[in-house]
Every structure is written in C-alpha cells, then in structure tokens.
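Dear colleague,

Please find below the structure that I am handing over to you. My notes on one of its domain interfaces follow.

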Amino acid sequence: MLWVAIAGLVATVVAVALAGRRVLFLYRLARLGQPAPERIEYAKQHVGAEIKTQLVEVFGQRKLLKWTPSGTAHFFVMWAFFILATVYLEAYGALIQGAITGRPDFHIPLIGTWPVLGFLQDFIAVAALLGLVAFTAIRIKNSPAKLGRGSRFSGSHLGGAWFTLFMIFNVIWTMFLFRGAAVNTGNFPYSSGAFASEAVAAILPTSEALEATGLLLHIGVMLVFLVFVVNSKHLHIFTAPLNVLFSRRPDGLGAAQPMRSGGKVLDFEEADPETDVFGRGKITDTTWKGFLDFYTCTECGRCQSQCPAWNTGKPLSPKMLILDQRDHAFAVAPYLLAGDKAGAGTGAENVPQDVLALLDKPLVGEEGVIHPDVLWSCTNCGACVEQCPVDIEHIDHILDMRRYQVMIESSFPSEAGVMLKNLENKGNPWGMSEMKRAEWIEELDFEVPIVDEKMPEDVEYLFWVGCAGALEDRAKKTTKAVAELLHIAGVKFAVLGPMEACTGDPARRLGMEFLFSMLAQQNIETLNDAGVKKIVATCPHCFNTLANEYPQLGGTYEVVHHTQLLARLVEEGKLTPITPIEEKITYHDPCFLGRHNKVYAQPRDIMAKVPGVRAQEMHRCKDRGFCCGAGGARMWMEERIGKRINTERVEEALTTDPDTVSTACPFCLVMLGDAINEKKNAGQAKETLEVVDVAQLLIKSIKQG
Ligand code: SF4
Ligand code: SF4
C-alpha cells in the first residue's frame with residue numbers, strides 16, 4: 001500500500017501547489033483594486049448579524065431556494081461538498097494508515113464508526129446525484145441553443161458548467177467504488193447505515209486492488225476538480241461566503257454608495273481629479289470587493305433573466321457586465337502584476353502592440369470593455385441584485401462607471417444634459433419656476449401650511465411633494481389625493497413649497513454625484529433648519545433618497561412612503577373606504593418602493609380595504625416585479641434600442657384584463673400611462689383603462705362615501 005500512499009500524496013502536493021498559486025494570483029489581483037475599509041469595518045461591528053446571514057444565505061441557500069427546482073438541486077449539491085469532506089478525511093486516513101499498517105481501515109476518531117454519519121454520507125451523495133440529473137435537465141431545457149437570448153445561460157461558459165457537473169459525478173461514483181470495495185475487504189468504518197455503499201459492494205468483487213484503485217481515483221478526481229475550480233466560475237464555492245460577508249447590508253439595494261477615493265468618502269471641495277479616483281475609468285479603480293464580485297459570479301444568469309433591459313432587447317446583461325469586466329481583469333492581470341503597466345503607459349518598445357492595446361482599452365467606450373449602450377440601458381431597478389444568489393452588487397458597478405463617464409469624460413446621453421442643467425439652475429428636472437411648486441395647493445378646499453423657516457409646532461409630518469408631485473399634471477392628482485386623505489384623517493402636515501428642491505436622485509443615478517451632493521446638502525440644510533423630524537413622501541425615488549441616502553450627508557429623518565402611512569391610517573380606522581369600486585385592478589410594484597425598500601404589502605393592503613376591488617397580480621410582481629423603465633435616470637433619456645420597457649410592462653398588465661392599473665410612484669404613473677395611451681390608440685386596450693395611484697383609489701372610495 002506504500003505506493004498508493006506515495007502516489008496519492010505526491011498528486012496532492014502538486015494539486016495544492018497549483019491551486020495555491022492561482023489563489024495567490026487572485027489575491028494579488030484583488031489587492032490592485034481600491035480599498036474598501038467600510039466593508040471590513042461593518043462586518044467587524046456586526047459579527048452576530050453576519051453569522052446569521054451566513055447561516056441563512058450560504059448554508060440555508062435562501063435566495064436559491066426561491067427558484068424551487070434548481071435551488072433544491074443546488075442545496076443538496078452544496079451540502080454534499082460539506083458532508084463529503086468527511087469522506088475525504090476518511091480517504092486520506094485510509095491512504096496513510098494503509099501505508100503504515102498495511103490495512104486501510106481508518107475511521108475518524110469518536111464519530112467515525114457511527115452509522116448515522118455513514119448514512120448521511122451516502123444519503124447526501126445520492127441526493128447530489130439526483131441534483132446533477134436535475135441540473136442536466138434544467139440546462140438542456142434552458143439551453144441557449146434552444147432559447148437563444150431568452151436563456152439565462154446565454155453568454156455563460158457552457159463547457160465549464162458541463163465539466164463541473166461531470167466532475168461532481170466523478171466524485172460521487174468514485175466514492176461509491178472506494179467505499180463499496182472497502183465494505184468487501186472489511187476496511188469500511190460503518191457496520192450499518194451506509195446503504196448505498198453496501199448496495200454497490202454487493203455487485204463488486206472482493207479485491208484490495210479495486211479498493212486501492214477506488215481510493216486513488218476518488219482522491220485524484222477531487223484534486224483535478226480543485227485545480228479546475230480555482231480556475232473557473234466554480235471558484236464561487238470558496239468566494240461566495242466571503243462575498244456575502246462583505247456585501248452591503250441588508251442588501252446592495254436602497255441607498256447608492258457615496259463616491260469613495262482611497263477608501264474615503266470623496267469631499268468635492270477638496271477632491272482633485274488628478275490624484276483622486278472619480279468613479280471607475282479603468283479596471284484597477286474597482287475596489288477589492290468589486291474583484292470579489294468578479295470571482296464569485298457563478299454565471300447562473302438569474303440576474304439576466306430578470307433584467308428589464310435585457311428582456312426588451314437591449315445590450316445590457318447584468319451577468320455579462322460582471323463577466324466582461326472579469327475577463328478583462330484576468331487578461332490584463334499578468335501585466336499589471338508584473339508592473340508592465342508603467343511600461344505600457346510610456347510606450348516602451350519591449351511591450352507588444354496587442355498588449356499595449358489591451359492595457360489601454362477603456363473600461364467604457366465604443367471600443368471599450370463595456371459598451372456605452374450597455375451602461376446607459378440600466379434602470380437601476382435592482383432585479384439583478386435582488387436575484388443574485390451570491391450577493392453581487394451590479395448597481396454599484398454601474399454607478400461607479402457612470403460617475404467616471406459623467407464627471408471625467410463628460411460622456412453621457414445628450415438628452416440627459418438638459419435634465420442636469422435644469423436641476424442645477426431650477427432645482428427640478430423640467431426647469432420650471434420654483435414658485436410653481438405650491439400651485440397644486442390652490443386646487444384644494446383646505447389650507448396646507450407652507451413651512452416658513454420653521455415647522456409649525458403642531459405639525460407632525462413634512463409632506464415631501466417631490467418635483468413630479470408638484471409639477472407634473474398626472475402626479476399632481478396623487479399629491480392632492482394624499483393631501484386630502486391626510487386632512488381627512490386629521491394628520492397635521494406642512495410642505496416646503498418653493499423651498500423644496502429635487503432630492504438629487506436623477507443626478508445621482510445618472511452618475512453626477514457632484515450635483516446630487518449639492519442638491520442634497522441644500523435640502524438637508526433646509527430640513528434641519530426647519531427642525532423636520534418626520535417626512536412622508538409620495539415618490540419612491542424621493543423616499544429612498546431621503547430615508548437611505550441623506551443620512552450619508554448628515555440628514556437623518558423618520559421617512560415613510562405615503563402608502564405606508566395611509567395603510568396605517570386605514571388600519572387605525574382613521575380612514576374608512578366605503579363606496580365600492582367594482583373593478584379588477586392590477587398593481588404595479590415601483591422598483592424603488594418594492595425591491596429597493598421592501599414595501600410590498602401596504603399598497604396591496606390599501607387596495608384590499610377598498611370594497612369591490614378585485615386585485616389581480618401580474619405574473620411578475622413583488623420582488624420579481626418588472627420595471628416601468630424610468631429609474632436610473634432613464635426617465636430623462638431616449639429609449640432607442642429594443643422594445644420600450646413600459647410597453648412590455650403594460651402588455652403584461654393587459655394579460656390580466658384589468659379595468660384599472662394601480663401603482664404608487666409618479667414616474668411609474670407617467671410611464672405606464674404613456675404606454676396605455678399607445679395601446680388605446682392602437683385599439684389594443686379598452687378606452688376606459690387608466691393608471692392611478694392607490695391613494696387615488698382610496699380617496700375615491702372615501703369621498704364618494
Ligand atoms: S438594475 Fe435592473 S436594469 Fe440595471 S442591470 Fe440590474 S436588472 Fe438590469
Ligand atoms: S451576477 Fe449573480 S445572478 Fe448574475 S450570473 Fe452571476 S451569480 Fe448569477
């Protein structure tokens with residue numbers, strides 16, 4: 001048995017050395033990235049919560065189990081990796097013990113002969129085998145060859161995925177060969193429990209040579225797999241727990257990250273574009289967490305399958321956005337690590353032209369790693385982040401690249417420039433006079449106090465009206481409905497009127513962080529000077545910015561969306577819808593209310609309280625809701641490629657044959673309203689179909705009563 005041990009151990013040393021070399025390469029490459037001390041700091045300060053997250057997300061596979069068939073298969077295959085580690089312990093024990101004593105009858109001390117362990121090992125191996133069958137069926141059913149762009153695997157490395165399944169299969173069958181042979185030679189540690197190993201033993205001859213062959217094959221397969229894993233997308237086995245550990249909490253949604261340079265939040269008054277990092281212009285502007293995202297992507301395509309841009313024929317796939325950056329990072333890594341970058345920058349003669357071209361390739365550009373059409377197609381809807389089972393933060397990548405394009409390159413869709421100018425000059429995207437912000441109040445038959453420097457003593461909420469809510473005709477209806485409902489319920493509120501300016505959300509989501517910062521600081525000063533504590537907002541973008549982003553700049557308030565407040569008032573009996581609205585209504589989840597802030601229940605609760613309403617969910621709803629197309633500053637850009645996102649959404653709404661479409665966002669209201677009008681003009685929707693805010697439904701039912 002000595003030669004078996006020598007062969008096994010030599011192979012192990014070689015494989016571990018190869019794998020170790022790769023891991024060192026990955027580590028050094030990530031270290032070329034920007035620091036992200038806040039990720040480590042957060043994890044250190046929330047050890048208990050992080051342990052819980054690991055248990056739920058990594059060991060419990062929460063996100064994957066939402067995709068029932070593939071999630072269940074993955075659950076068993078992943079647990080097989082943990083449990084079958086004990087079989088490898090036994091295999092190495094047998095290898096060494098066989099060399100020393102001549103009998104490879106090793107068992108793990110204390111628990112090594114326990115039948116439960118033997119059963120568990122066999123059970124999980126059989127379950128993993130069934131998991132492989134399920135994966136195979138899923139991959140065949142969703143094959144890009146069959147579904148083309150509609151396949152979530154389109155663009156993924158298919159060969160690597162099939163090889164991975166093949167290697168897991170090899171791990172399992174060699175395990176049963178080794179264990180079955182050991183049962184026959186009397187070297188097996190378990191007298192019962194290992195049902196599958198015993199069944200295999202029944203069909204094998206008794207042979208020590210077969211046992212040694214099985215043992216070497218089992219170890220050899222694992223070693224080949226180990227080297228493959230660290231060189232492939234299967235690296236996520238090791239990096240996923242780390243990526244989950246260092247991801248933003250509670251998820252990569254809600255607040256956009258402040259701009260950082262050298263690990264510190266950028267102070268625009270002191271920033272220097274020559275020395276500071278302004279977003280991401282080259283791959284090494286990515287933080288090490290960004291590199292960890294690259295290493296962790298499993299190429300599963302769940303993000304791609306949910307992306308509204310991808311689903312309407314645009315070139316953006318969140319999966320490919322990560323993979324293209326990863327491939328570029330790997331391509332330039334040898335030169336960067338060898339310090340060739342300096343040579344390339346000075347045009348050194350000994351650097352080949354193709355390497356120079358590679359090193360000088362812009363991260364974003366017509367000839368860049370990421371095409372501008374990809375970058376500007378994103379609506380920041382968050383569907384990719386929500387679905388990613390390994391917590392990759394696509395929006396952070398996109399925003400950082402946009403920031404560089406806007407602030408350093410001045411390169412962005414020209415039509416968005418008008419919006420930026422209007423924000424800068426007038427404090428709203430339409431460039432309207434600030435005096436118009438209070439005009440809607442004149443259409444009410446009660447007084448709405450406008451804050452004059454200080455919030456009046458008896459006022460509980462500041463009603464943040466938002467630019468659309470104050471200036472856009474359709475959104476103004478929601479504003480008036482909410483004001484009336486608060487008035488009826490006896491909630492004291494005031495508005496800022498002309499003192500209110502855009503929260504800065506469209507500027508920030510476009511990448512113009514400087515302008516966002518300016519508007520945010522101005523608003524925070526106004527709010528803090530007025531002594532505002534509680535805010536109610538009708539626009540989910542304002543709501544998200546006020547609640548989640550203003551604290552980054554020193555503005556911390558208790559912020560609610562109007563649907564949250566109204567649902568509570570209905571619950572408390574302060575608002576009682578009486579008049580039936582006998583309509584079938586389908587509710588559209590605004591991304592910045594739903595996915596970004598997890599407000600799914602309250603708008604539905606309000607609708608449920610209105611007598612006569614028959615709610616009908618669309619196929620894509622709640623955390624899988626489909627964007628209207630307006631987020632990520634897309635509201636201010638032309639949609640030239642593919643099908644319009646709002647058209648796609650309205651077509652889905654029409655499949656429920658609704659009398660009304662409801663929502664809870666002024667931008668969704670406009671986008672869906674436009675698409676409905678187009679459908680009406682084409683004779684594809686009934687003339688009476690309209691889109692309304694849930695607040696409008698509620699006031700209709702209350703007022704008519
Ligand atoms: S945020 Fe939405 S639009 Fe942007 S990449 Fe992700 S899924 Fe696509
Ligand atoms: S980014 Fe996440 S969801 Fe998308 S392919 Fe990679 S692992 Fe899957």
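Three salt bridges are counted between domain 2 and domain 4 of this predicted model, a salt bridge being a side-chain nitrogen of Lys or Arg within 4 Å of a carboxyl oxygen of Asp or Glu. In one salt bridge, aspartate 251 pairs with lysine 598, with 2.9 Å between the closest N and O atoms. Between domain 2 and domain 4 there are also twelve residue pairs in polar contact, both residues at pLDDT 80 or more. A polar contact is a pair of N or O atoms within 3.5 Å; within protein, one must be able to donate a hydrogen and the other to accept it, and residues adjacent in sequence count only if both atoms are side-chain atoms.

The domain assignment, which is automatic or from a database, places domain 2 at 248-412 and domain 4 at 576-704. Their centres, taken over C-alpha atoms, are 33 Å apart.

In contact (heavy atoms within 4.5 Å) are 24 residues of domain 2 and 22 residues of domain 4. The two domains bury about 1800 Å² between them, 58% of it on carbon and sulfur atoms; buried area is the accessible area (1.4 Å probe) lost by two parts on being put together, summed over both. On the side of domain 2, Thr312, Lys314 and Thr379 lose the most area to domain 4, together 27% of what that side buries.

Residues are numbered from 1 along each chain as its sequence is written, and chains are lettered from A and ligands numbered from 1 in the order in which they are written. The model is predicted: local features need pLDDT of at least 70, side-chain atom pairs count only at pLDDT 80 or more, and totals for chains, interfaces and linings use all residues, while side-chain values use heavy atoms, with hydrogens and water left out.

With kind regards
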